[in-house]
Amino acid sequence: MTHSTTEVLTGGIVLAVAAGFALYAAQVAGLSAGGSSYPLTASFRSLEGISVGTDVRLAGVKIGTVTGVALNPETFRADTTFTVEEGIMIPDDSSIVISSEGLLGGNFVEVMPGGSTFNLEAGDEITDTQGAVSLISLLVKFVAGSGSDESK
């Protein structure tokens, strides 16, 4: 069986494109071998839209990833573990909020830095948390509240 130069060249290009796509997909999924990180924890009333692998952002920049989510059967809150890139120091009076990328976008975990001179260490817990806000419940409140103004 003979192979023409065109077939071999085309096959090489296809393999190079496939390898490039696989590398890009691994980076987007967070599977690439990045720098080291340290774990932090937080407990939320509502963790709607957040799961393992969700971005943790500070000022809109990804600084980590959610690595664990579990229901605490004693407090009925969502205990969350996430990692933050090594070298990013978060003040110990910071808060953490579930934010939305927009009306149709997904949710992410946003760190709101405090002003303390002391920083969180690996394994520390952020106690000031704000859970997810349900857009459906906000719409229901808006619709129910709009017809109640009959005093005029």
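1. Leaving aside neighbours within four places in sequence, Glu110 touches Arg57, Ser95, Ile96, Val97 and Ser99, where contact means heavy atoms within 4.5 Å. The structure is a predicted model, in which local features need pLDDT of at least 70 and side-chain atom pairs count only at pLDDT 80 or more, while totals for chains, interfaces and linings use all residues. Residues are numbered from 1 along each chain as its sequence is written, and side-chain values use heavy atoms, with hydrogens and water left out.

2. Glu110 belongs to strand 6 (residues 107–112). Helices (H or I, at least four residues) and strands (E, at least two) are DSSP runs, numbered from the N terminus. The side chains of Glu110 and Ser99 form a polar contact at 2.7 Å. That term denotes a pair of N or O atoms within 3.5 Å; within protein, one must be able to donate a hydrogen and the other to accept it, and residues adjacent in sequence count only if both atoms are side-chain atoms. Between Glu110 and Ile98 the C-alpha to C-alpha distance is 6.1 Å, with 12 residues separating them in sequence.

3. Arg57, one of the contacts of Glu110, also lies over the face of Phe108, 4.3 Å from the ring centre. For such a placement, NZ of Lys or CZ of Arg must be within 6 Å of the ring centre and within 35 degrees of the ring normal.

4. Thr80, in strand 4 (residues 77–85), is buried, with a relative accessible area of 2%. Buried means under 20% relative accessible area, exposed over 50%, and partly exposed in between (1.4 Å probe, protein chains only).

5. Strand 1 (residues 37–44) runs antiparallel to strand 4, and eight bridges join them; two strands pair if DSSP finds at least two bridges between them. Within this pairing, Leu40 has Phe82 of strand 4 as its bridge partner. Strand 1 also pairs with strand 7 (residues 125–126), here in the parallel sense over two bridges, and Thr41 stands opposite Glu125 of strand 7.

6. As to the whole protein, there are two helices and eight strands, in the order α-β-β-β-β-β-β-β-β-α along the sequence. Of the 152 residues, 24% are buried. Among contacts with a separation of 6 or more, 61% are between residues 24 or more positions apart.
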